[in-house]
Amino acid sequence: MTQEHDSRPDEWGEEYWNEKYRSGDRIWSGRPNRHLVAETEGLVPGRALDVGAGEGADALWLAARGWQVTAVDISSVALDRAAAHAAEAGEGVENRITWLRADVTRWSPPKPPFDLVTVQFMHLYPNPRARLFADLAASVAPGGELLVVAHHPKDLETGVPRPPAPELFYEGDAVTAALSEGEWDVLVDDVRTAEQTLGETSYTVHDLVVRARRRG
Ligand SMILES: C[S@@+](CC[C@H](N)C(=O)[O-])C[C@H]1O[C@@H](n2cnc3c(N)ncnc32)[C@H](O)[C@@H]1O
């Protein structure tokens, strides 16, 4: 794993995420995110960047489909776990993924550009988020795509457990604002709902899905 510069201690920073990952052997489902699958299944594999890769399910799924993946996360605990899952999946998957530990609020995407940049459920404060989305948009190759999926602010009205910080939540314009005018086609800018049961309570969850293609 490549080591980037250290992150500043912060409420939702490295220590928070390492503790969260240490709280269980596996905190996510191990399955790739459904919007990633739905939106990218038909794409020709190339170079992909998975931002906030967590335990690596998306990176593994992409690699198994032939993508060469760079997967970045702030949490070394998550990345160690993700790398172990990749090793279990075999060389064909493991050799297609580079794990990179970095705080993306203080980082620039590696070059050369990517055919797919995917961001699944990353919730940053507005300023670092705007800067990150601008950097990520700039890192997409002509003809390539940016896919951002996030918990929509409507979730804050439903009682579903979310961090108590409304500024971390955003709508599609937070993503599309990062796209230079005339250079992109926005293919999807939706709020999608699904039913989710936690314990004995069912919630309607709202996912923001933004998918944009850079013109070739
Ligand atoms: C809600 S989890 C989503 C994980 C994965 N994308 C998924 O959908 O299963 C958010 C992820 O973003 C990572 N993250 C949060 N802040 C970050 C930052 N500043 N730099 C890099 N990664 C960060 C966390 O460690 C965590 O793995």
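How many helices and strands does the secondary structure of the chain contain? In this predicted model, the count comes to seven helices and eight strands.

The overall dimensions were computed next. The C-alpha trace spans about 45 × 40 × 35 Å along its principal axes. The radius of gyration is 16 Å. A compact globule of 216 residues would have a value near 17 Å, so the chain agrees with that expectation.

Of the 216 residues in the chain, 49% are buried. The chain exposes about 10,400 Å². Carbon and sulfur atoms supply 48% of that area.

Charged side chains were also counted. The chain carries 35 negative and 22 positive side chains. The centres of the two sets lie 3 Å apart.

Asp103 sits in the loop that runs between strand 4 (97-101) and strand 5 (114-120). Its relative accessibility is 6%. Buried means under 20%, and Asp103 therefore counts as buried. The side chain of Asp103 makes a polar contact with the side chain of Thr105, at 2.6 Å.

Definitions and conventions. Residues are numbered from 1 along each chain as its sequence is written. This is a predicted model: local features need pLDDT of at least 70, side-chain atom pairs count only at pLDDT 80 or more; totals for chains, interfaces and linings use all residues. Side-chain values use heavy atoms; hydrogens and water are left out. Helices (H or I, at least four residues) and strands (E, at least two) are DSSP runs, numbered from the N terminus. The radius of gyration is taken over C-alpha atoms; the globule rule is 2.2 Å times the number of residues to the power 0.38. Buried means under 20% relative accessible area, exposed over 50%, partly exposed in between (1.4 Å probe, protein chains only). Accessible areas come from the Shrake-Rupley method with a 1.4 Å probe; for residues, only the protein chains shown count as cover. Lys and Arg count as positive and Asp and Glu as negative; His and the chain ends are not counted. The place of a charge is taken as NZ of Lys, CZ of Arg, CG of Asp or CD of Glu. A polar contact is a pair of N or O atoms within 3.5 Å; within protein, one must be able to donate a hydrogen and the other to accept it, and residues adjacent in sequence count only if both atoms are side-chain atoms.
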